[in-house]
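User: Hi! I'm new to this one, could you walk me through it?

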Amino acid sequence: MRVSDTADLWWKNAVLYCLDVETYMDWDDDGTGDFPGLVQRLDHLVDLGVTCLWLMPFYPTAERDDGYDITDFYGVDPRLGTHGDLVELVRTAHDRGLRVIADLVVNHTSDQHPWFKESRRSKDSPKRDWYVWRSDTPPDTSDQVVFPDQEDSIWELDERTGEYYLHQFYKTQPDLDVTNPLVRDEIAKIVGFWTQLGLDGFRMDAVPFLLDTSGAEADRLPDPHAWMRDVRSFLDRRTNGGILLGEVNLPFEQQLEFFGGTDGDELTMQFDFISMQATYLSLARQDAGPLTRALTGRPVTSPDSQWATFVRNHDELTLDKLTEDERQEVFAAFGPDPAMQIYDRGLIRRLPPMLGGDPRRVRMVYSLMFSLPGTPTIFYGEEIGMGEQLEVGSRLAVRTPMQWTSGTNGGFSRAKAAKLPGPVVTGGYGPEFVNVADQRKDPDSLLSFFRRLISRRKECPELGWGEFQVLEQPHAAVLAHLCSWDDGALVALHNLGPEPAVVPLALDGCGAEHLLADLLVEGTTALDEHGRADVPLEGYGYRWLRVVAPGTRRLL
Ligand code: NOJ
């Protein structure tokens with residue numbers, strides 16, 4: 001392996017940052033964030049060190065699912081800007097060395113999309129079979145709905161033709177039928193269109209639902225994974241290293257199929273929902289066991305495939321892959337009030353309030369995330385420790401306006417508060433106390449900590465590429481892991497509990513000629529002739545230790 005490989009398979013050593021243009025920065029003061037505002041803030045992202053932006057849906061929408069209900073796949077929501085503004089953003093981002101990907105939401109359209117309007121007009125409509133219809137009464141599917149607070153079936157009767165259409169999500173989001181070759185051609189065209197405008201790939205929404213053809217004419221597409229391979233190779237042909245980052249919240253064995261097995265010819269990356277959920281269980285128990293079991297349970301993938309690690313995203317913090325008892329443990333620790341919970345499976349909180357604002361724990365968790373094998377993915381506002389606005393009472397509680405300054409509306413917009421997409425966070429996590437402008441100037445702020453983490457993370461390709469190994473040691477609250485790649489090796493220590501610990505390390509192949517160099521603070525630790533050292537760790541402490549071989553030419 002050569003360092004230049006990290007430029008080819010760039011996603012393996014990337015730092016992703018997800019944002020919604022609508023809530024990021026409003027430049028024309030109409031209350032809605034926009035592309036010109038985002039362009040103004042690109043330098044914040046460059047300064048932070050992220051390498052790839054993920055734009056949440058920016059397409060025209062009926063606004064029934066915060067943009068995930070699209071009415072024109074080739075358009076730009078006029079409230080956010082124009083195609084010209086998007087191209088200016090992509091161009092400027094590329095100039096700054098940032099790649100840009102966007103949500104590709106093709107499992108469904110809005111019911112206001114012209115295709116669906118045409119489809120529902122009559123059973124003979126030319127667009128009828130772009131969606132999934134059935135004439136018989138559907139069975140009870142109440143246990144399959146994704147949003148149980150709103151829906152009780154995945155089929156909806158359409159009065160006009162007396163047939164039912166499939167909608168895995170809200171009834172306002174009819175599912176497209178990908179067994180129809182015309183639909184598949186159209187999806188390829190959408191991918192081609194945005195990549196031609198400069199996008200570097202997509203975050204693919206709801207992939208298992210997209211590939212589930214059971215309610216449709218499945219014999220028209222016997223192997224949906226073959227189609228996924230087609231989409232990937234089409235993207236490969238049209239771009240220089242474009243990626244598909246898939247949302248696949250399934251057990252690991254099934255996720256492997258969506259990577260294309262060890263051939264790695266389907267999704268380039270997938271979010272690691274399993275390890276994310278295990279992280280919260282580990283934090284609640286102050287026991288690294290659940291996380292260790294999750295990480296060591298990851299299947300073997302192609303060297304080109306990659307996991308995206310995260311502690312929070314734009315949706316509910318789903319805990320659906322935990323057992324009922326485990327979920328209740330996490331609820332009790334981090335969201336005991338029913339107002340903090342949603343769909344009986346998740347929390348609508350951000351990390352710092354869940355950890356009682358304890359800066360040691362918050363930093364330890366981000367240090368952990370950035371040290372895990374995979375590509376770290378940040379949700380906007382995490383870098384300054386934003387909280388949630390619980391009164392919103394839905395997943396939107398964490399999609400509040402970005403907090404730039406301590407001024408009105410957190411510097412997001414100069415419009416009246418009533419015109420904003422949602423309320424700004426109030427209370428101790430409000431802009432008065434949590435904002436970019438103040439933290440930029442403070443070398444001890446969370447933002448400065450993120451900068452340091454990201455810069456260190458980028459210099460340690462062993463984290464994104466390397467062999468991962470959990471190191472045996474006696475403290476249940478501590479995760480000690482080693483990532484090694486090529487001639488580099490890094491030990492990361494994280495203490496999930498409040499009690500200080502001394503971690504005995506024994507590193508194979510090392511001796512007294514090696515030493516351990518701290519990467520997040522100044523300091524070195526000697527190893528004895530057997531490669532052993534006792535490393536102290538504070539309560540909720542974290543350390544990244546580069547294994548320094550004699551004569552190494554790597555900069556420390
Ligand atoms: C997953 C997205 O993350 C979520 O926000 C959305 O509601 C559903 N897919 C439906 O598109």
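This is a predicted model: local features need pLDDT of at least 70, side-chain atom pairs count only at pLDDT 80 or more; totals for chains, interfaces and linings use all residues.

User: Where is Leu291 found, and is it buried or exposed?
Analyst: Leu291 is part of helix H12, residues 289–296. Helices (H or I, at least four residues) and strands (E, at least two) are DSSP runs, numbered from the N terminus. Leu291 is buried, with a relative accessible area of 1%. Buried means under 20% relative accessible area, exposed over 50%, and partly exposed in between (1.4 Å probe, protein chains only).

User: And how many Å separate the C-alpha atoms of Leu291 and Arg414?
Analyst: They are separated by 44 Å, and the two residues are 123 residues apart along the chain.

User: OK, zooming out. Which domains does the protein have?
Analyst: The domain assignment gives domain 1 (4–106 + 182–457), domain 2 (114–166) and domain 3 (467–548). Such bounds come from an automatic or database domain assignment. The C-alpha centres of domain 2 and domain 3 lie 56 Å apart.

User: What does the UniProt annotation say?
Analyst: The unreviewed UniProt entry has the annotation "domain: Glycosyl hydrolase family 13 catalytic" over residues 22–399. UniProt positions are given in the numbering used here, feature names are shortened, and annotations may be inferred rather than shown by experiment. Over residues 22–399 the chain is 34% helix and 12% strand, with its end C-alpha atoms 10 Å apart.

User: How many residues are in the largest nonpolar core?
Analyst: The largest nonpolar core has 134 residues, and those with the most contacts inside it are Tyr17, Leu19, Leu45, Leu55, Phe58 and Tyr280. By nonpolar core I mean a set of buried Ala, Val, Leu, Ile, Met, Phe, Trp, Tyr and Cys residues joined through side-chain atoms within 4.5 Å. Helix H15 gives the largest share of this core, seven residues. A second, separate core of 19 residues includes Ala480, Leu482, Ala489 and Ala501.

User: What is Phe58 in contact with?
Analyst: Leaving aside neighbours within four places in sequence, Phe58 is in contact with Phe35, Gly75, Val76, Asp77, Leu80, Leu86, Ala102 and Trp194.

User: Now helices. Which residues of H13 are buried?
Analyst: In helix H13 (residues 324–334), the buried ones are Arg327, Val330, Phe331 and Phe334. Seen down the axis of H13, its buried residues fall within an arc of 100°, so they line one face of the helix. That arc is the one spanned by the directions from the helix axis to the C-beta atoms. The face of H13 turned away from its buried side carries the exposed residues Asp325 and Ala332.

User: What covers that buried side of H13?
Analyst: The cover includes helix H11 (273–285), strand E12 (341–342), strand E13 (346–347), helix H14 (351–354) and helix H15 (359–371).

User: And which residues of H6 are buried?
Analyst: For helix H6 (residues 114–121), Trp115, Phe116 and Ser119 are buried. They cover an arc of only 90° around the axis, which puts them on the same side of H6. The buried residues of H6 pack against strand E4 (133–134), strand E6 (163–166) and helix H7 (181–196).

User: Are Cys52 and Cys460 buried or exposed?
Analyst: Cys52 is buried, with a relative accessible area of 0%, and Cys460 is buried, also with a relative accessible area of 0%.

User: Last one: what is phi of Asp29, and where does Asp29 lie?
Analyst: Phi of Asp29 is near 60°, a positive value in a residue other than glycine. Asp29 lies in the loop between helix H2 (21–24) and helix H3 (35–40), and Asp29 is partly exposed, with a relative accessible area of 25%.

Key
Residues are numbered from 1 along each chain as its sequence is written. Side-chain values use heavy atoms; hydrogens and water are left out. Contact means heavy atoms within 4.5 Å.
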